[in-house]
Amino acid sequence: MNKLKLRNLVQQFLIEDIGDTDITSASIFPPKQPGHGVFIAKESGVVAGLEIIEEAYMLLNPSITVVVFFQDGDQVRGGDVLAEAHGPIVPLLAGERVILNLIQRMSGIATITARSVSELNDPSIHICDTRKTTPGLRMFDKYAVTCGGGRNHRFGLEHGVMIKDNHISFAGSITKAVHQVRDKVGHMVKIEVETETKEEVLEAVEAGADIIMFDNRSPAEVIQFSKYVPDSIITEASGGITLDNLATYQHTEVDYISLGFLTHSVTALDISLQVKPGPKKSSAKEQ
């Protein structure tokens with residue numbers, strides 16, 4: 001993740017959550033009261049976003065020290081200690097919710113992505129995400145997908161052309177839409193065309209599309225349509241594909257399968273932070 005963007009976003013989130021101060025913790029603990037926090041995985045999964053712990057606490061109080069025991073993309077088990085933090089207890093507690101909200105969500109995305117890759121069980125096809133992300137969290141969501149072994153589709157509308165039915169209807173045809181876009185965006189931008197029929201696939205090939213998506217097509221249709229596309233054109237299947245039927249798309253010859261559920265309906269990985277007053281006595285990793 002981009003360090004500067006990461007820091008700026010985390011800072012915004014902390015300001016939103018804390019405001020001027022954590023009045024509960026600040027009212028109970030002396031300002032310099034030391035504390036020791038332990039981040040623990042409560043269930044098995046793939047972790048992502050662990051650098052957020054360090055970034056958040058650096059913003060809250062640079063004297064807080066953080067030790068991280070796993071890397072993003074690692075498989076963890078329930079009970080594993082992910083990281084420890086030591087420093088003034090008030091900022092340790094103040095950063096808890098923002099940190100957990102982000103790393104739980106990101107780890108949930110990484111976990112479902114890894115499961116999707118495993119369910120498909122076809123190294124010739126890449127699992128990728130979509131733009132169905134929560135506003136403000138796209139960088140985090142898409143990074144988490146890569147931690148789970150997936151790939152990223154375009155980050156935003158400016159990063160690639162995707163010609164859909166509304167564009168085709170207005171332009172008059174796939175051919176006209178592709179040529180109109182190509183004249184304006186230049187040779188450095190790839191053009192993807194959404195297709196639903198054999199005729200649309202053939203027209204997209206003839207028009208010079210760089211990527212052809214088979215939209216809401218069954219595995220049998222995807223296999224059939226793929227035969228009409230030369231190897232020089234990237235193919236993608238999307239729409240109506242769930243974790244339950246993903247395995248049926250194995251060996252369908254496409255290059256990518258894009259899955260909206262990786263990010264739009266996230267089940268967070270259960271991670272907790274246990275904070276206690278007092279200096280660190282021993283590393284939880286060593287116990």
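**Helix 8 and helix 9.** I began with how these two helices lie in this predicted model, and I found that the axes of helix 8 (residues 174-185) and helix 9 (residues 198-207) come within 9 Å and cross at roughly 30°. Since angles under 35 degrees count as roughly parallel, I therefore noted helix 8 and helix 9 as roughly parallel to each other. Their crossing is right-handed. Looking up the contact, I listed I174, T175, V178 and H179 from helix 8, and E200, E203, A204 and A207 from helix 9; by class, the residues of this contact divide into 4 nonpolar, 2 polar and 2 charged.

**Helix 1 and helix 5.** I then turned to helix 1 (residues 3-18) and helix 5 (residues 96-120), whose axes come within 9 Å and cross at roughly 130°, which makes helix 1 oblique to helix 5. I recorded the crossing of helix 1 with helix 5 as right-handed. On the helix 1 side I found V10, F13, L14 and D17, which meet R97, V98 and L102 of helix 5, and the residues of this contact comprise 5 nonpolar, no polar and 2 charged.

**Largest pocket.** Last, I looked up the largest pocket, for which I noted a volume of about 360 Å³. It is lined by 21 residues, of which T130, K132, K164, S238 and S258 are the closest to its centre. The elements that contribute two or more residues to this lining are strand 9 (211-215), strand 10 (234-238) and helix 11 (261-264). Sorting the lining by class, I have 5 nonpolar, 9 polar and 7 charged residues.

Note on methods. Residues are numbered from 1 along each chain as its sequence is written. This is a predicted model: local features need pLDDT of at least 70, side-chain atom pairs count only at pLDDT 80 or more; totals for chains, interfaces and linings use all residues. Side-chain values use heavy atoms; hydrogens and water are left out. On a 1 Å grid over the protein atoms alone, a cavity is a set of points where a 1.4 Å probe fits but cannot get out, and a pocket is an open set with protein on both sides within 12 Å along at least five of seven lines; lining residues have an atom within 4 Å of a point. Grid points are joined across faces, edges and corners, and a volume is the space filled by probe spheres set on the points. Helices (H or I, at least four residues) and strands (E, at least two) are DSSP runs, numbered from the N terminus. Ala, Val, Leu, Ile, Met, Phe, Trp, Tyr, Cys and Pro count as nonpolar, Asp, Glu, Lys and Arg as charged, and the others, Gly among them, as polar. Axes are lines fitted to C-alpha atoms, for helices over the stretch in contact, and angles run from 0 to 180 degrees between N-to-C directions. Angles under 35 degrees count as roughly parallel, over 145 as roughly antiparallel, 65 to 115 as roughly perpendicular and the rest as oblique. A crossing is left-handed if the near helix is turned anticlockwise from the far one by less than a right angle, and right-handed if clockwise. Contact means heavy atoms within 4.5 Å.
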